[in-house]
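Have a look at the structure first, then we'll go through them one by one.

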Amino acid sequence: MVSEEISTLRWVGDAATGVLRLIDQTRLPGESIEIECRDVPTVWEAIRSLQVRGAPAIGVAAAYGAVIGARSGGPVRDALAQAAATLRTSRPTAVNLFWALDRMEAAASSAGPEIDEKDLLDRLLEEARRIEAEDRAMCRAIGRHGADLVEPGQGVLTHCNAGGLATVDYGTALAVVFAAHERGTPFRVFADETRPLLQGARLTAWELARRGIPVTLICDSMAAQVMREGKIQLVVVGADRIAANGDVANKIGTYSVALLARAHGIPFYVAAPSSTFDLSLSDGSAIPIEQRDPREITHGFGRPTAPEGIDVYNPAFDVTPANLIAGIITEKGIIQPVEAATIRRFLG
Ligand code: MRU
């Protein structure tokens, strides 16, 4: 919940006729507008276009999208499989998308062949609601575990948006600062604007300001200077996929921030729920990195900002190697040191 009136996302109604409502994050901070998803193509497009974004929020949106798809005609199991296959193509990097769809398909399989179609659809909605509830709980727990890292008077740098808008509620990296703020710790957040789509400026700065948390917006390229000036004592970012050895994919520019933090002796933490780990990948080299439309760079928010036809490279994520990460703040506690054995032990 990002305000009293508007949620990042919410399901309204029953399994047979309900709809998924999402705040359209591409319109923030100027306009708070909800969109309604009644079919799989609308959910797919909402994820692709970043109307809903942030790894955990994408997972929950996809779970509800699977419910919508499952009732779209024909046998529920067949329709579900088709919807899940479509939704899997919306974005490649955040593993929460695939994790949530796997859970929805597993819920259908475990229901048994004799279950009637209406009950199966109800089971699917229950599973999506469970994924949503778990996300809320995991974010609160991440906040509780991470809040002690924030000391009075510190400057905390974050990159992109890993707040309430990137989850159902409360966030991951921002859960840490929200929880520290709720405990009365005074500190200031420095938010990287996060080129090219400005999730830091549009979303993180917006979320922090409306909670009354002191925040200073900087361009991505200013982080080194701000660190050298002694304004940053802690970095906390979110994650889209974490490999078995602790390598972390997150928004493009995160790796640069981690290198800068190391150069300035500043601890660099990642905050993520267990749904963001992909233990099938031994290291970060196999994490698929989404390539996005060059126009995000050449036509930032509608206006040409580069010569017509210029060659552009636009990876949306990068991978920060585990050895630059001081700890991974999860709902189960802080994984430290960040290496395969400790990760395995924490996640069971
Ligand atoms: O492209 P986006 O806006 O979906 O990228 C989001 C991020 O990189 C977040 O830091 C990440 O998903 C963690 S969200 C809790």
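A cavity here is a set of grid points where a 1.4 Å probe fits but cannot get out, and its volume is the space filled by probe spheres set on those points. Keep in mind that this is a predicted model. Going by that rule, there are four cavities of 30 Å³ or more.

**The largest cavity**
- This one has a volume of about 180 Å³.
- Its lining is made up of 24 residues, and Arg53, Gly54, Ala55, Asn161 and Asp240 are nearest the centre.
- Two elements, α2 (55–70) and β9 (248–251), each give two or more residues to that lining, with α2 giving the largest share at three residues.
- Sorted by class, the lining comes out as 12 nonpolar, eight polar and four charged residues.
- Why does the largest cavity lie between domain 1 (9–140) and domain 2 (148–347)? Because both domains give residues to its lining.

**The second largest cavity**
- Its volume is about 50 Å³.
- Among the residues lining it are Arg195, Leu197, Lys251, Arg292, Glu296 and Asn314.
- The lining splits into four nonpolar, two polar and four charged residues.

**The largest pocket**
- About 310 Å³ of space sits in the largest pocket.
- It's lined by 14 residues, with Thr26, Ser49, Leu197, Arg292 and Glu296 closest to the centre.
- That lining has three nonpolar, five polar and six charged residues.
- Domain 1 (9–140) and domain 2 (148–347) each supply at least three residues to the pocket's lining.

Definitions and conventions:
Residues are numbered from 1 along each chain as its sequence is written. This is a predicted model: local features need pLDDT of at least 70, side-chain atom pairs count only at pLDDT 80 or more; totals for chains, interfaces and linings use all residues. Side-chain values use heavy atoms; hydrogens and water are left out. On a 1 Å grid over the protein atoms alone, a cavity is a set of points where a 1.4 Å probe fits but cannot get out, and a pocket is an open set with protein on both sides within 12 Å along at least five of seven lines; lining residues have an atom within 4 Å of a point. Ala, Val, Leu, Ile, Met, Phe, Trp, Tyr, Cys and Pro count as nonpolar, Asp, Glu, Lys and Arg as charged, and the others, Gly among them, as polar. Domain bounds come from an automatic or database domain assignment. Helices (H or I, at least four residues) and strands (E, at least two) are DSSP runs, numbered from the N terminus.
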